Amino acid sequence: MKVDEATVRHVARLARIKVTPEQAKALEGELSAILDWVEQLGEVDTANVEPMTRVEEMALPKREDKVTEGSIAGQIVKNAPLTEDNFFLVPKVVE
Amino acid sequence: MSELTGLTLAEARDRLKKKEITAHELTEAHITALEAANTALNAYIVPTPDKALDMAKASDERLGKGKGLPLDGLPLGIKDLYCTEGVRSTACSGILGDFQPVYESTVTQNLWAAGAVMLGKTNMDEFAMGSSNETSAYGSCVNPWRAAGSDKPLVPGGSSGGSASAVAARIALAATASDTGGSIRQPAAFTGTVGLKPTYGRCSRRGMIAFASSLDQAGPITRTVQDAAIMLRHMASYDPKDSTSANRKVPDYEKALSEKVKGLKIGVPKEYRIDGMSAEIDELWERGIGWYKDAGAEIIEISLPHTKYALPAYYIVAPAEASSNLARYDGVRYGARVNGKDIIDMYEETRSHGFGAEVKRRLLIGTYVLSAGYYDAYYIKAQKVRTLIQRDFNEAFGKVDAILTPATPSAAFGVGEKGGDPIEMYLNDIFTVTVNMAGLPGISVPAGRSGDGLPLGLQIIGKAFDEETVLKAGQVIEDAAGRYEAPEAWWLSETAPAKKAKVTSKTKAKTS
């Protein structure tokens, strides 16, 4: 699978990672090599195979839908780079 | 090396219980040794000596009253992947900045509840993505082992390089680690230590900084198989706060070690005899087979036909899950932020500065394989291959109790030696990654030395949730190969020109 520079830029945008033109150029080769290498999975016949979801059969546990550990807003925002009154601050989004 | 730092976890535990030593003495001996070694090894990125002494004091009080807990007073290294309350936890990534968790991971909480002492946070590859500990934002960690007659610095393996280096260098009695594709077993093999990756679900993932959620599993690095048994018992638990945690009783693994291995059926998979395998590794494996025969086990040739597809499937599944897990690092809720001209630009700048090159590469691969139109062709295809890998193991386990393989394709390599080609680095995990793909338990045990005197390991793979057999079988290797002596403490005699914890521009990213 050949990844071109435009695809690298598109994927980088989706991943929200800024890449310089030089980085994009280098990544073009690296990503192509990795995707070429995983291409060998095409040899495996998986026509009637289910994708693996867990190591052994186990039902996902459920719990009642209620707040069990509330009132910790201060702890939640404690590590944020910028906050005000227990709100996260971000650059203006709506004009 | 002080006599106290040379004890095994089990010996230290027994001597504390008999009041022959105190937790304070033991902890202080480790802190002294750590301070003398860490500039050269960079095994710890956040030492916590004050916290260690406080914890040791509490242990001594309990032990003094005859109310000692199972791990009371035993000093451990904690991989930086685990959230530790009030102690910086970053998975060695710049993007987490100075993140100080407000809660403790379940695994470390279990260890502290059992009385263990924290010496500090250990170095690792950034977000556990690496096999050499060279992708850490805090600089490479160095292997305490060197080739005979050489002073070339070697990698400790990765991603749990700091934990492995610390345990091998006697600056921790044992350490926590984590394994997504081989990150416990490969560094253990490179440093002459024991590395145990339990069954997926055995230990809670709560509070472990996520890499690939369907593969990540906590486990210990220790100096003996018995110590691994002790550690696992106190790391494992059912945790309602991790929906993939297994609701099963945690057995007394130490007890299993005294069981006989006579009649045990050991499988030897022919697909692990890969092209170009070194004669040294092949001989090691043959020697291992001989040890099991001598112990009265039966050797059975088995086939795991999908082995060669495990690594390429891993490099779809793991990056895909990582791209989803690491989406949370957006410069808003925690960690570093780099400002931009608008919110999207802020995200992009933050992530571009905060992540290292290998992490970015994997995030882009992961984003690509999950992007519109490719999901079925890549991710679902890889998950189907996983089913086939699991099926291979299930069939084999119809005939055998455990499987014996080499742990790594080579001994430790030099720092900076494998930087150019990502796939060359990925191949380090060729013998370990199948185990993660199938969710099984595996252990790497020191089994011999390379021609130039470096440690080599053998791996035992077991059935799901049968860590007891894995440990019991691992003990056979240790009994036959003998425990390793400590590596020569060259860091004490050299004014080491080793790298200091390198704080990159990433960790200094503006936090406006």
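Please take me through the interface of chain B and chain A: how many residue pairs are in polar contact across it?

Tutor: Across the interface of chain B and chain A, 19 residue pairs are in polar contact, with both residues of each pair at pLDDT 80 or more. The model is a predicted one, and the values that follow are computed from it.

Let us begin with the side that chain B contributes. Helices H10 (310-325), H11 (343-354), H12, H13 (375-396), H14 and H15 (433-438) of chain B each supply at least two residues to the side that touches chain A. H13(B) gives the most to this side, with twelve residues. Sorted by class, the side of chain B that touches chain A holds 34 nonpolar, 17 polar and 17 charged residues.

The extent of the interface can be stated in two ways. By contacts, 68 residues of chain B meet 49 residues of chain A. By area, the two chains bury about 5300 Å² between them, and 68% of this lies on carbon and sulfur atoms. Within chain B, the residues that lose the most area to chain A are Glu348(B), Leu364(B) and Tyr368(B), which together make up 13% of what that side buries.

Charged pairs also cross the interface, where seven salt bridges are found. One of the salt bridges in the model pairs Glu56(A) with Arg248(B), their closest N and O atoms lying 3.0 Å apart. Another is formed by Glu30(A) and Arg361(B), with a closest N to O distance of 2.8 Å. Glu30(A) belongs to helix H2 (residues 21-38) of chain A and Arg361(B) to helix H12 (residues 357-370) of chain B, so this pair joins two chains.

Asp242(B) sits in the loop between helices H7 (225-235) and H8 (253-256) of chain B, and Arg205(B) in the loop between strands E5 (194-197) and E6 (217-222), so the bridge ties together parts that are 37 residues apart in sequence. Both residues count as buried, Asp242(B) with 5% relative accessibility and Arg205(B) with 18%. Shared partners, in turn, join Lys18(A), Lys341(B), Asp345(B) and Glu349(B) into one network of salt bridges.

A second bridge within chain B is that of Lys152(B) and Glu417(B), whose closest N and O atoms are 2.8 Å apart. This pair links distant parts of the chain, the two residues being 265 residues apart. Lys152(B) is partly exposed, with a relative accessible area of 40%, and Glu417(B) is likewise partly exposed, at 45%.

Finally, the partner chain deserves a description of its own. Chain A has three helices and two strands, in the order α-α-α-β-β along the sequence. Its radius of gyration is 22 Å, well over the 12 Å that the globule rule gives for 95 residues, so chain A is more spread out than a compact globule. The C-alpha trace of chain A spans about 55 × 45 × 25 Å along its principal axes. Of the 95 residues in chain A, 28% are buried.

Technical notes:
Residues numbered from 1 in each chain as written. Chains lettered and ligands numbered in written order. Predicted model: local features only at pLDDT ≥ 70, side-chain atom pairs only at ≥ 80, totals over all residues. Heavy atoms only, no water. Salt bridge = Lys/Arg side-chain N within 4 Å of Asp/Glu carboxyl O. Helix = DSSP H or I, 4+ residues; strand = E, 2+ residues; numbered from the N terminus. Buried < 20%, exposed > 50% of the residue type's maximum accessible area, 1.4 Å probe, protein only. Contact = heavy atoms within 4.5 Å. Buried area = accessible area lost by both parts, 1.4 Å probe. Polar contact = N/O pair within 3.5 Å; in protein donor to acceptor, adjacent residues only side chain to side chain. Nonpolar A, V, L, I, M, F, W, Y, C, P; charged D, E, K, R; others polar. Rg over C-alpha atoms; globule rule 2.2 N^0.38 Å.
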